[in-house]
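Let's take a friendly walk through one protein model, looking at its charged pairs and at one of its helices. Have the structure open beside you as you read.

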Amino acid sequence: MTRWIRHKSRYLSWQVSEGVMAIFTIRQGGVSLSPYDTLNISFNVGDLPSAVMENRRRVLADIGHELSQLVMAEQVHHNRVAWATSHEAGAGSIASTTALPGLDGLLTHSDNLVLGMGFADCVPIFIAAPQHHAVGLLHAGWRGTVRGVQRQAIGLLKDDGIDLSQIYIGIGPSIGPCCYEVDERVATEFRAQMGEDAPLVATRAGHYLLDLWEANRQQLMQLGIPDANIDISGWCTACHGDQFFSYRRDHGRTGRMGGFICMSK
Ligand SMILES: [Zn+2]
């Protein structure tokens, strides 16, 4: 069963619980011009800042929030995760330079705080523990996945006294096992971390299709998250150019979708 729903408007949503709003934007309904058309949420890709600001404003308005309630992580393809509080509200919201530095994961207990990050192939991992009034968002490309950003996040939630059986995970749109070819160097890191279970399928000499959804699902299950609590959206960003930006498909010149999560009012 998946709790991922495709809307006609600017986003998909992960419908995990009444108390949680978790969305992933598509590239439609914004104001950016090609190659960022039209709903790019990143200041770091060469798009006009005024367009990015308007795009973000529209998405946040869709979910009943303002830019001043947004907090964004720097996203450095590593594994650091931290709790955010209302003190951090607005960090990274109108300029990337103020995003919370060195982090690829954010968690919060705070109402009225919207956690956000940009994606264009890397895996967005949404976290909800509604009974404990906690939500989170992780950025897991191949590096974050193999370096254990999901492990860091689950560790912090456990330290906070949250029961693993009450943690729900939504794995959002990203480059899928259909399109994500990696080389021997990447494959070696996954084998070192996951052994025989590394979800790699050989294609041509020294190349493999890597399934980042499955790699994250397996590692989360090993940490103790029940399989039934993990929803994989199954949407591949590289396959659907009308809906998603894809760094790989677009050779780096492209926008970013936004992952956003907050406690709903
Ligand atoms: Zn694909």
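E54, R57 and R58 are joined in a network of salt bridges (a salt bridge is a side-chain nitrogen of Lys or Arg within 4 Å of a carboxyl oxygen of Asp or Glu). This is a predicted model, in which local features need pLDDT of at least 70 and side-chain atom pairs count only at pLDDT 80 or more, while totals for chains, interfaces and linings use all residues. Residues are numbered from 1 along each chain as its sequence is written, and side-chain values use heavy atoms, with hydrogens and water left out.

Helices here are DSSP runs of H or I with at least four residues, strands are runs of E with at least two, and both are numbered from the N terminus. An α-helix has 3.6 residues a turn, so residues three or four places apart point the same way.

How open are these two side chains to the outside? R58 counts as partly exposed because its relative accessibility is 25%, and E54 is partly exposed too, at 23%. (Buried means under 20% relative accessible area, exposed over 50%, and partly exposed in between, using a 1.4 Å probe and protein chains only.)

The whole structure holds 10 salt bridges. One of them joins R3 to D231, with the closest N and O atoms 2.7 Å apart. This pair links distant parts of the chain: R3 is in the segment before β1 (4-6), D231 is in strand β14 (residues 230-232), and they are 228 residues apart.

Is R3 buried or exposed? R3 counts as buried, because its relative accessibility is 15%. D231 is also buried, at 1%.

Now look at helix α5 (residues 212-223): its 12 residues reach 17 Å from the first C-alpha to the last, close to the 16 Å expected at 1.5 Å a residue. That expected span is 1.5 Å times one less than the number of residues. Nine of the 12 residues of α5 are buried, so this helix is largely enclosed by the rest of the structure. Among the buried ones are L212, W213 and L220.

What comes at each end? D211 caps the N-terminal end of α5, with a side-chain oxygen 3.1 Å from the backbone nitrogen of W213. After α5 comes G224, whose phi is positive, near 115°.

How values were computed:
A polar contact is a pair of N or O atoms within 3.5 Å; within protein, one must be able to donate a hydrogen and the other to accept it, and residues adjacent in sequence count only if both atoms are side-chain atoms.
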